[in-house]
Amino acid sequence: MPETQTNSVLSNLDQIEQKIFKNLLQSELSAKLLNEVKKQNSFNFLPSDISIENANINKMISQFNNIILEKNNLLVEATEKNPLVIQSQEQLIDLRLNILNSLIIYIDKLKMKLDRYNGSKQKSNSLVGLIPKRQVRLINLEKDLLLVSNLHSYLSQKKEEALINLSSLESNIKLINEVDYVLESKTNKLRTIVMFSLLGFIFPVGFSLSLFFFRGLFIDEEYLKQKLTDINFLGVIKFTKENVSNGKKPIQDEFLKRIYHNINLQIPKSEKGKSIMITSCIKNEGKTFSAFNLSKFVASSGAKVLLIGTDLGNPDLSKLFDQKKYNNKGLTNIINDTKNDFKELFEEYKVKTNQFDTLFGGTKTNSQISIYNNKKFDDLISYLKEEYDFIIFDSAPILFMVDSLELLGKSDYVVHVFRKKFSSKKLVNYVLDYKEKYKPKNMGYLITDDSKPDKFIDKYGYGYGYGYGYGYGYGSGVK
C-alpha cells in the first residue's frame with residue numbers, strides 16, 4: 001500500500017527531525033554551560049535547571065552551588081585560612097573539574113547521536129524517493145495482469161467456438177474412397193557425411209583442449225622447480241593405497257633413499273636426535289603415506305626412528321595399524337596428564353614394531369589449548385631426542401590448522417608434500433608465504449605421484465637415472 005508506506009516514512013522523518021532538534025538544543029545548552037564553567041576565575045554560582053537532560057551534571061551543579069553557599073556563610077565569621085573554608089575551596093576545585101569532564105563527554109555523545117540521526121534521516125529520504133517509483137511499477141503490473149486476463153478470456157471463448165464448429169462439420173463429412181499415401185524419404189547423404197566428419201573432428205579436439213586446460217591448473221615437477229627455487233627438491237615417491245609389490249619395492253626404496261640422503265645433507269649435525277616435520281597444504285596429498293614410508297625406510301637403514309601423529313583434527317596414522325590390537329592413546333593423553341610421569345606414559349602408549357616406534361595423536365583433545373606451545377611438549381621432545389635418532393612428525397595440513405604453524409619452529413627440518421596433478425598451483429604461493437613469515441630452519445619438498453605403474457617407472461625409473469640396476473642420476477638432489 002503506497003499510501004501506508006508514505007505515511008509511515010513521513011512519520012519516521014518527523015520523529016527524526018524532533019530528535020535532531022532536541023539534540024541540537026542540548027548541544028547548545030551544554031556548550032554554553034561549558035564556556036561558563038571554563039571562564040570562571042573565582043567560584044561563582046552556576047546556572048541550574050537549564051533543561052540539560054543529564055541527571056549527573058545537574059546533580060553536580062547543585063552540589064557546586066550548595067558548597068559555594070556554605071563557603072560564603074563561613075566567610076562571614078571566618079577568614080580564607082580557616083580549615084573549613086580551605087576544605088570547601090578544594091571541594092569546589094574537584095567538583096568544577098568533574099563538571100567540565102562530564103560536559104565534554106556529554107557533548108561528544110550528543111555529536112554521535114546526531115550523526116546516527118542524520119544517517120537515519122538520509123535513509124528515510126531515500127525511501128521516500130523510491131515509493132513513487134514502486135507505485136508506478138505496481139500500476140504497470142496491474143495493467144499487465146488485466147491484459148493477460150482479458151486475453152485468456154478471449155482465447156478461451158474462441159477455443160469453445162472452434163470446438164462447436166468442428167463438431168457440427170464432422171457430421172456432414174462422408175468418406176467416398178480411401179487413398180493410400182506413399183511417403184518418399186529423401187536424404188542428403190553428402191551433408192550427413194560432412195556433418196559427422198566435423199563432429200568426429202571437433203569432439204576429440206575439444207576434449208584434448210579441455211584436458212590440457214584442466215591439467216594446467218595443477219602442479220608438476222617443472223612448475224615447482226620454477227617457483228620454489230629457494231626450497232630444495234628432495235625427490236619423488238610412488239603414491240599408492242595398496243602395498244608396493246616385491247617387483248616395484250627396490251625402485252620405491254631407491255626414491256626413499258634419495259630423499260633420506262638429501263635430508264641428511266641439509267639437516268644440522270648433532271649428537272642428539274633430529275626432528276623432521278612432514279606436512280602439506282590440504283588433505284589427500286600423501287602426507288601420512290610419505291611420513292610412514294620414510295620412517296620405515298630410515299629405520300631399515302639402522303637408525304632408531306619414532307613416528308608421531310601430530311594431526312589431531314584428522315588422525316589418519318592409526319588407520320595404518322591394526323586398531324583392534326592397539327588403543328589410540330598417545331600424545332594428547334601424555335600432555336594433558338598432570339599426575340603421571342610423561343616418560344612412563346610414553347613407554348605405555350608407544351606402538352613398538354620390528355622396524356620403528358609410533359606414538360599416535362591421542363584421544364584426549366582440547367581445541368582451545370595448543371599442546372605444541374606447552375613446556376611439557378618441549379620436555380617430551382627433548383627426552384625423545386636423547387632416545388631416538390630421528391623423530392618424524394606426521395602433522396596436519398598447514399593451510400587449515402594453526403597447530404602445524406606452531407610446530408614449524410620446533411622442527412629441525414620441514415618436508416612439504418605435493419601431489420602431482422592433484423595439488424593446485426595456488427597452493428605454491430601459500431608455501432612461499434609461510435616460509436617467508438615463519439622461516440623454518442631447513443626446508444625441502446617432495447612429490448607424490450599416483451601415475452600408473454608403467455608410466456611411473458618410465459618417467460622416474462629410467463628418466464631419472466634408474467635402469468634395472470641402481471645409481472643416481474641428475475633429476476633430484478640438493479641445490
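**Ground rules**

I number residues from 1 along each chain as its sequence is written, and since this is a predicted model, local features need pLDDT of at least 70 and side-chain atom pairs count only at pLDDT 80 or more, while totals for chains, interfaces and linings use all residues. Side-chain values use heavy atoms, with hydrogens and water left out.

**Whole chain**

I started with the inventory: 13 helices and 8 strands. Here helices (H or I, at least four residues) and strands (E, at least two) are DSSP runs, numbered from the N terminus. Of the 479 residues, 37% count as buried; buried is under 20% relative accessible area, exposed is over 50%, and partly exposed is in between (1.4 Å probe, protein chains only). I also looked up contacts, meaning heavy atoms within 4.5 Å. Among those with a separation of 6 or more, 81% come from residues 24 or more positions apart. The chain exposes about 30,700 Å², with carbon and sulfur atoms supplying 55% of it; the areas come from the Shrake-Rupley method with a 1.4 Å probe, and for residues only the protein chains shown count as cover.

**The sheet**

Next I traced the strands. The 8 strands form an open sheet in the order β1-β8-β7-β2-β6-β3-β5-β4, with mixed pairing. Its edge strands are β1 (232-238) and β4 (351-352), each pairing on one side only. Two strands pair if DSSP finds at least two bridges between them. I checked β4 and found 2 bridges to β5 (residues 357-359), running antiparallel. Val 351 has Thr 358 of β5 as its bridge partner. Helix α10 (residues 375-387) packs on the sheet, where it touches β2, β3 and β6, and its direction makes about 135° with that of β6. Axes are lines fitted to C-alpha atoms, for helices over the stretch in contact, and angles run from 0 to 180 degrees between N-to-C directions.

**Helix α7**

Which strands does α7 lie across? I noted β1, β2 (274-279), β3 (305-310), β6 (390-395), β7 (413-419) and β8 (443-449), with α7 running at about 165° to β6. Among the buried ones are Phe 289, Phe 292, Leu 294 and Phe 297. After α7 comes Gly 302, whose phi is positive, near 110°.

**Cores**

A nonpolar core is a set of buried Ala, Val, Leu, Ile, Met, Phe, Trp, Tyr and Cys residues joined through side-chain atoms within 4.5 Å. In the largest, of 42 residues, Ile 308, Leu 331 and Leu 384 touch the most other members. Helix α10 gives this core its largest share, 5 residues. Apart from it lies another core of 31 residues, including Phe 239, Ile 278, Leu 317 and Val 415.

Is Ser 290 buried or exposed? It sits in α7, and Ser 290 is buried because its relative accessible area is 1%. Not counting residues up to four places away in sequence, Ser 290 touches Ile 237, Ile 278, Val 417, Leu 446 and Thr 448.

I then turned to Ser 51, in the loop between α1 (2-38) and α2 (55-77). Ser 51 counts as exposed because its relative accessibility is 51%. Leaving aside neighbours within four places in sequence, I found Ser 51 in contact with Gln 26 and Leu 29. The C-alpha atoms of Ser 51 and Leu 25 are separated by 9.4 Å, at 26 residues apart along the chain.
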